[in-house]
Amino acid sequence: MRVIVVGGGVLGTMHAWQAVRRGHEVVQLEREPQARGASVRNFGLVWVGGRAPGVELDTALRARALWEEIGDRVPALGFRTGGSLTVVRTAAELAVAKAAAEAPEAAARGHRLLDTKQALALNPALRGLTDGTLGALWCERDAAVEPRTAQRALQDHLRTTGRYTFLGGREIRAVDGPSVTDDHGERHAGDCVVLCPGDRVGGLVRELAPELPVRRVRLQMMQTAPLDERLTTSVADADSFRYYPAYHSDELDRVQPQPPVAAEHHMQLLMVQRADGSLTVGDTHEYEQPFGFDVDERPYEHLAAVATALLGRPLPPVRRRWAGVYAQCLDPTRLVARHRLDRGTLVTGPGGRGMTCSPAIAEDTAKELNW
């Protein structure tokens, strides 16, 4: 079978991976020379800890296993375990962490509540934990990859099979059954087509799926120069309890409002060390369109202050700042929005779960389409 995959981000590339793995020939098309959307503008986190119990958690756990399996085959992905620490400083935050550590699915996530001494032993770079910290929620199952290079590493491996072709700079103008026509006027014939358009849900996508139940979300992030020591885990602050469904607590919102800039920008701190030692730090969430065309400096100042407090030292100089946009399902209980096509499917809307869950989402598509 010949599968046409449209979209060069992590979701499209994982669909290509699943098709090639099952013995099929794949042509993957991307509107840019290489993907430049949310798939390369994120933390690279394989984030199990905060996923909602049920389908979302099950999918994240399956994806975590697939990431490890793929990482063994493709070392250039930079897949690494290490887990995460969510630092808690107040009684209200500690109550949320304690509830998570005692939840029925805590063992599956690898959740454990640590005191300050235990957390510091696990990640000695967090010297700021000695200043008023009550402990941290440890999630052993969390992991990371290198988001800027992951898609290209997967593509390079797929090329070695002789059954994979990547065509960049090709925007799709028409879908005709399992075949597509690009803006070069070239028709790519196949037996099945999978569209993974990311946040580009207008134009042709709207013609194919007029009522696609997704919204676009904009975020801001930054990356520093290399830190001169190893950050052995990913790191979050307790504002992540407000964002991830596994931790939702009305009590935390009631007794401990966010600082104004964090509340205005729907913020949490996540911090991940890259393979070169630099730190990816974020993020914000903007939901109302039209989005700004520029970035706001106040969230960066807030993130730098929180990260500095956790490290107990100034952040390395910031080298890059950026904004990104992803598509998110309007129904929070749905992982993705799927729209069946004639001999194919359209898949989008994983939101902030895309990097984590894409291998399992693609596996589900493969089963659905009987690859």
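## Rings, charges and a pocket

In this predicted model, the lining of the second largest pocket takes at least three residues from domain 1 (2-64 + 147-213 + 333-369) and at least three from domain 2 (84-140 + 214-329).

**Exercise 1.** Find out what lines the second largest pocket and which residues lie nearest its centre.

*Solution.*
- Start with the space: the second largest pocket holds about 450 Å³.
- Next, look at the lining, which has 21 residues, with Tyr243, Pro245, Gln328, Pro332 and Arg353 nearest the centre.
- Now sort the lining by class: eleven residues are nonpolar, five polar and five charged.
- Finally, check the elements: helix 2 (55-73), helix 8 (240-243) and strand 18 (318-329) each give at least two residues to this lining.

**Exercise 2.** Work out how the rings of Tyr243 and Tyr244 are arranged: stacked, tilted or edge-to-face?

*Solution.*
- Check the distance: the centres of Tyr243 and Tyr244 are 4.9 Å apart, and the cut-off for a pair is within 6.5 Å.
- Then take the angle: the planes of Tyr243 and Tyr244 are 85° apart, so the pair is edge-to-face, as over 60 degrees counts that way.
- Zoom out a bit: ring pairs join Trp47, Tyr243 and Tyr244 into a cluster.

**Exercise 3.** Decide for Tyr243 and Tyr244: buried or partly exposed?

*Solution.*
- Tyr244 has a relative accessible area of 8%, so Tyr244 is buried, the limit being under 20%.
- Tyr243 comes out at 25%, so Tyr243 is partly exposed.

**Exercise 4.** Which rings have Arg148 and Arg321 over their faces?

*Solution.*
- Arg148 sits over the face of Trp322, 5.2 Å from the ring centre.
- Arg321 sits over the face of Tyr300, at 4.7 Å from the ring centre.

Key
Residues are numbered from 1 along each chain as its sequence is written. This is a predicted model: local features need pLDDT of at least 70, side-chain atom pairs count only at pLDDT 80 or more; totals for chains, interfaces and linings use all residues. Side-chain values use heavy atoms; hydrogens and water are left out. Rings of Phe, Tyr and Trp (its six-membered ring) pair if their centres lie within 6.5 Å; planes under 30 degrees apart count as stacked, over 60 as edge-to-face and the rest as tilted. Buried means under 20% relative accessible area, exposed over 50%, partly exposed in between (1.4 Å probe, protein chains only). A charge sits over a ring if NZ of Lys or CZ of Arg is within 6 Å of the ring centre and within 35 degrees of the ring normal. On a 1 Å grid over the protein atoms alone, a cavity is a set of points where a 1.4 Å probe fits but cannot get out, and a pocket is an open set with protein on both sides within 12 Å along at least five of seven lines; lining residues have an atom within 4 Å of a point. Grid points are joined across faces, edges and corners, and a volume is the space filled by probe spheres set on the points. Helices (H or I, at least four residues) and strands (E, at least two) are DSSP runs, numbered from the N terminus. Ala, Val, Leu, Ile, Met, Phe, Trp, Tyr, Cys and Pro count as nonpolar, Asp, Glu, Lys and Arg as charged, and the others, Gly among them, as polar. Domain bounds come from an automatic or database domain assignment.
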